[in-house]
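Have a look at it, and then we'll go through it by question and answer.

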Amino acid sequence: MKWVKENVKDGEKILILRVTPATFYRDKYGINRDKIVDFWYDLEEVSTPDKLRTFYSKKKISYIMFSYGFPDEMEIMKYLKEYRGNEFTEVVKFNLDENYIYIYKINSAI
């Protein structure tokens with residue numbers, strides 16, 4: 001979340017998927033609530049690539065942060081980790097106790 005505070009500018013938003021406790025660290029680092037949209041367990045709104053695109057376009061999301069390291073990974077998480085197209089650019093990857101946290105820039109973001 002320190003990366004979010006230092007890199008997500010005014011007018012930008014980050015979608016956080018399965019990174020806990022996002023709200024605790026948002027408050028700890030004093031990050032504006034309007035910059036973060038987060039989902040912990042229920043990812044139905046973004047469960048497919050098409051749903052994800054619709055969601056980030058509608059909500060004007062600039063970045064996606066997601067955790068990859070749970071044994072019961074959802075399909076959208078696998079898609080994001082294995083993604084090699086032009087829709088996203090990997091910005092940074094962190095390894096926290098064998099739980100990988102990725103941050104992607106959405107190339108089509110406003």
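Strands (E, at least two residues) and helices (H or I, at least four) are DSSP runs numbered from the N terminus, and two strands pair if DSSP finds at least two bridges between them. This is a predicted model, where local features need pLDDT of at least 70, side-chain atom pairs count only at pLDDT 80 or more, and totals for chains, interfaces and linings use all residues. Residues are numbered from 1 along each chain as its sequence is written, and side-chain values use heavy atoms, leaving out hydrogens and water.

Q: Which residue in S3 stands opposite Ile16?
A: Strand S1 (residues 14-17) pairs with strand S3 (residues 63-68) in the parallel sense, over four bridges. Opposite Ile16 stands Met65.

Q: What kind of aromatic pair do Phe66 and Tyr102 form?
A: Rings of Phe, Tyr and Trp (its six-membered ring) pair if their centres lie within 6.5 Å; planes under 30 degrees apart count as stacked, over 60 as edge-to-face and the rest as tilted. Here the centres are 5.1 Å apart with 10° between the planes. Phe66 is in strand S3 and Tyr102 in strand S5, 36 residues apart. The pair is stacked.

Q: Why does Phe66 count as buried?
A: Buried means under 20% relative accessible area, exposed over 50%, and partly exposed in between (1.4 Å probe, protein chains only). Phe66 counts as buried because its relative accessibility is 0%.
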